[in-house]
Amino acid sequence: MKRTKKAIISAFMQLLKEKSYNKITVQNIAERCQINRNTFYYHFADIPQLVEAALDSWIDEILQNYGGDKTPLECLRVAAGECMNHRTELSHLYRPTSHRDVFIKCVKQVVYHAVDTYMSLSLPEDATDEEKQVHGARVWFYQCLFSGVLLDWFDADLSYDLSERLELVYGSLMTDDEGDTIGKNKNEDKDPGSES
């Protein structure tokens, strides 16, 4: 990413710590990073496009720093922790109802990007069409689920512990009513010589 584009994103994120999204102008951003308005418009068509780029950049950074061999729950903990660390900025993006549709669109795109990036790590390069179809369905499901949880958190004024809630959701998805891991053979733990 170009240095100027990074500076614009950084200035925008700094301003979000101070005021709501609908109070930030292109002029504020230009002054903060010491550029003129035309330079801003060279890189971004408008502030909504900047929001999308800023959120994408933030998610890419999280994935780069925390991705890898983590379980889905570990990734959720990291993502929730990052959201909690940036709750002021995220709240300032979500609160103005006049721009909420832009924010919701960005949340869905960013969550899709994060889920697809993570889940693609386990998709073989030579995946069959059926495996790709199943992958796409899983990405869609988790994108809907986690976007919904995030939007509920915003609607609740960020009042509950997002990490804790995501762990509950994840745990309920991955265990059955008896507390056993879904997909695990119930006879796996039994001694092969014992009778069922």
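**Salt bridge, core and pocket**

Me: How many salt bridges does a search of the whole structure find?

Reply: The search finds one salt bridge, meaning a side-chain nitrogen of Lys or Arg within 4 Å of a carboxyl oxygen of Asp or Glu. This is a predicted model, where local features need pLDDT of at least 70 and side-chain atom pairs count only at pLDDT 80 or more, while totals for chains, interfaces and linings use all residues. Residues are numbered from 1 along each chain as its sequence is written, and side-chain values use heavy atoms, with hydrogens and water left out.

Me: Which residue pairs with glutamate 18 in that bridge?

Reply: Arginine 32 does, and the closest N and O atoms are 2.9 Å apart. The two link distant parts of the chain, with glutamate 18 in helix α1 and arginine 32 in helix α2, 14 residues apart. Helices here are DSSP runs (H or I, at least four residues), as are strands (E, at least two), numbered from the N terminus.

Me: Is arginine 32 buried, partly exposed or exposed?

Reply: Arginine 32 is partly exposed, at 33% relative accessibility. Buried means under 20% relative accessible area, exposed over 50%, and partly exposed in between (1.4 Å probe, protein chains only).

Me: OK, overall fold. How many helices and strands are in the chain?

Reply: The chain has nine helices and zero strands. Of its 196 residues, 34% are buried.

Me: What about α6, how many of its residues are buried?

Reply: Six of the eight are, so α6 is largely enclosed by the rest of the structure. The buried ones are Glu89, Leu90, Ser91, His92, Leu93 and Tyr94.

Me: Which residues touch the most other members of the largest nonpolar core?

Reply: Phe12, Ile29, Leu93 and Phe154 do, in a core of 49 residues. Elements giving two or more residues to this core include α1, α2, α6 and α9. Such a core is a set of buried Ala, Val, Leu, Ile, Met, Phe, Trp, Tyr and Cys residues joined through side-chain atoms within 4.5 Å.

Me: And what is phenylalanine 12 in contact with?

Reply: Leaving aside neighbours within four places in sequence, phenylalanine 12 contacts Tyr21, Ile24, Ile29, Ile47, Leu50, Val51, Ala54 and Leu93. Contact means heavy atoms within 4.5 Å.

Me: Pockets next. How much space lies in the second largest pocket?

Reply: About 190 Å³. A pocket is an open set of points on a 1 Å grid over the protein atoms alone, where a 1.4 Å probe fits, with protein on both sides within 12 Å along at least five of seven lines; lining residues have an atom within 4 Å of a point. Grid points are joined across faces, edges and corners, and the volume is the space filled by probe spheres set on the points.

Me: Which element gives the most to its lining?

Reply: Helix α1 does, with five residues. Lining residues of the second largest pocket include Met13, Trp58 and His86.

Me: Last topic: which loop holds glutamine 34?

Reply: Glutamine 34 is in the loop between α2 (26-32) and α3 (37-43). Its phi is positive, about 55°, although glutamine 34 is not a glycine. The residue is exposed, with a relative accessible area of 73%.

Me: What is the phi of aspartate 157?

Reply: Also positive, about 55°, and aspartate 157 is not a glycine. Aspartate 157 sits in the loop between α8 (129-155) and α9 (162-174), and is exposed at 53% relative accessibility.
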